[in-house]
Amino acid sequence: MMLGVVRRKVASDASSALIKRKSWHWSRPVVSTPRVSTAVAEEIFFHPGCTRSFSDFTFSGSLDLTSSRGIKDNFLPQFTMHTWKRPFCSNSGDLVDAVVPFMGESISDGTLATFLKKPGDRVEVDEPIAQIETDKVTIDVASPEAGVIQKFIAKEGDTVEPGTKIAVISKSGDGVTHVAPSEKPAEKATPEKKVEQPKQKVESAAAEVKKAEKPKTEAKASPPPPKVTATEPQLPPKERERRVPMTRLRKRVATRLKDSQNTFALLTTFNEVDMTNLMKLRSDYKDAFVEKHGVKLGLMSGFVKAAVSGLQNQPIINAVIDGDDIIYRDYIDISIAVGTPKGLVVPVIRNADKMNFAEIEKEINTLAKKASDGSISIDEMAGGSFTISNGGVYGSLLSTPIINPPQSAILGMHSIVNRPMVVGGNIVPRPMMYVALTYDHRLIDGREAVLFLRRIKDVVEDPRRLLLDV
């Protein structure tokens, strides 16, 4: 029978800070029948200066517990004792944990993408130390206190939830262990019997090598390859190829776009817009606009105002199907598709129908910067009743955009190209742009879609319509 006894005493002052070994009483068992044949006891001593000391006793004999305050140990004098010490400062609150923050109502977990710091690095309060990649945005894990990173608990690629500890930070910088993010904490030593397992693996590997060295005639009679399962790569590896896991944001985009194709009855209608007047308006007032509002006048604000006008004229395009009902929205929130190095994000301009050109341009610039540096939040991308995608900035001439669920339509802008057009009976070069409207044909008929796109064309070609509301 094995019995472990732990005795703990916390010193109240320096005079009683140490429990001396001579306080132990050595005697023969007082009972006739030995109660314990072999026992292992562990004594924990608390010393001044935040130090914890451990002592292990291994002995043969019996053990008699006769007092709640003091322990009398009765055993034979043959014993082995081991003592060690290590720093311990939990009472002073020196160590703090960096945990994964709340990531949004619709996000339950994320992937630890990368560490921005290394163990031993100095960090300040609220300084990012790691990045969590979610289905929608990348979230920073900030340091709760100023100090030195002692160690990382999680590693890159782990799936983490809000509240998961990923790092330990020492405010005083003591006891820092330099461990790489990919390394795991040192495991306990295993018994000698288990050390022989790698030898068996090496022997089996050597046997497999010998089998592989058999004549080629035997290789022809090899059994057929096993069937490929869903978890195995579908494509065989080739030279000059590399396989990397898909990011959570990319997987989310792929899922949503495929769901859009599977759910909506997608149909696209096209038109072309003469950009002469809108480009002239920007050219004439760009300097005065920047001087007054501190932001450049772009073409996107003109298309946002045109889209607002079209949605007000055709409210069905701003609506959405929900089960057997149609939800009509009395607000207009325009989503702007922005391409980033990490994937496509769609920030939202709230209440665009109540904003002027300058307010729209400022909001677009702010959201675009946040999307590019990864600081955009979930709330800034949630919702949206209509989307505008500008593939023309990359040189796209014509495309059929896919609806951003759960919206019902999306407007696609394209590159501006000078083409010969007939104006007043004469052939003249004009800066022309193709525009495309993809809509859910279950809800929107062709008439509403064509009239909406025609309204976009009329407002962009003659921005004075916005002033006169005609």
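**Entry 1: Phe386**

I started with Phe386, which counts as buried because its relative accessibility is 0% (buried means under 20% relative accessible area, exposed over 50%, partly exposed in between, with a 1.4 Å probe and protein chains only). What I have open is a predicted model, where local features need pLDDT of at least 70, side-chain atom pairs count only at pLDDT 80 or more, and totals for chains, interfaces and linings use all residues. Residues are numbered from 1 along each chain as its sequence is written, and side-chain values use heavy atoms, with hydrogens and water left out.

Phe386 lies in strand β20. (Helices are DSSP runs of H or I with at least four residues, strands are runs of E with at least two, and both are numbered from the N terminus.) Which residues does Phe386 touch, not counting those up to four places away in sequence? I listed Ala307, Leu311, Ile317, Asp333, Ile334, Ser335, Gln407, Ala409, Ile410, Leu411, Leu437 and Phe452; contact here means heavy atoms within 4.5 Å.

**Entry 2**

Next I looked at pairing (two strands pair if DSSP finds at least two bridges between them). Strand β20, residues 386-390, runs parallel to β21, with four bridges joining them. Ile388 has Leu411 as its bridge partner in β21. Strand β23, residues 426-440, is joined to β21 by four bridges too, but in the antiparallel sense. There I found Ile410 opposite Thr438 of β23.

**Entry 3: Ser335**

Ser335 was on the Phe386 contact list, and I found it in strand β16, residues 334-336. Buried or exposed? Ser335 counts as buried because its relative accessibility is 0%. Beyond four places in sequence, Ser335 touches Val346, Pro347, Val348, Gly383, Gly384, Phe386, Thr387, Ile388 and Gln407. Its C-alpha atom is 9.2 Å from that of Ile410, which sits 75 residues away along the chain.

**Entry 4: Ser260**

I then went to another serine, Ser260, in helix α4 (residues 248-263). Ser260 is buried, since its relative accessible area is 0%. Leaving out residues up to four places away in sequence, Ser260 touches Leu266, Ile402, Ile403 and Pro405.

**Entry 5: α6 against α7**

Two packed helices are described by the angle between their axes and the distance between the axes. I looked up α6 (residues 300-313) and α7 (residues 357-373): their axes come within 9 Å and cross at roughly 115°. Axes are lines fitted to C-alpha atoms, for helices over the stretch in contact, and angles run from 0 to 180 degrees between N-to-C directions.

Which residues meet? From α6 I have Met300, Ser301, Gly302, Val304 and Lys305, and from α7 Phe357, Ile360, Glu361 and Ile364. They divide into five nonpolar, two polar and two charged. (Ala, Val, Leu, Ile, Met, Phe, Trp, Tyr, Cys and Pro count as nonpolar, Asp, Glu, Lys and Arg as charged, and the others, Gly among them, as polar.)

**Entry 6: a four-stranded sheet**

I also traced an open sheet of four strands, in the order β9-β8-β6-β11 with antiparallel pairing. The edges are β9 (138-142) and β11 (159-160), each pairing on one side only. Strand β6, residues 110-115, pairs with β11 over two bridges: Gly110 has Val160 as its partner, and Thr111 has Thr159. Four bridges join β6 to β8, residues 128-133, and Thr114 stands opposite Gln131 of β8.

**Entry 7: whole chain**

To finish, I noted the totals. The protein chain has nine helices and 23 strands, and 35% of its 470 residues count as buried. Among contacts with a separation of 6 or more, 64% come from residues 24 or more positions apart. The accessible surface is about 29300 Å², with 53% of it belonging to carbon and sulfur atoms; accessible areas come from the Shrake-Rupley method with a 1.4 Å probe, and for residues only the protein chains shown count as cover.
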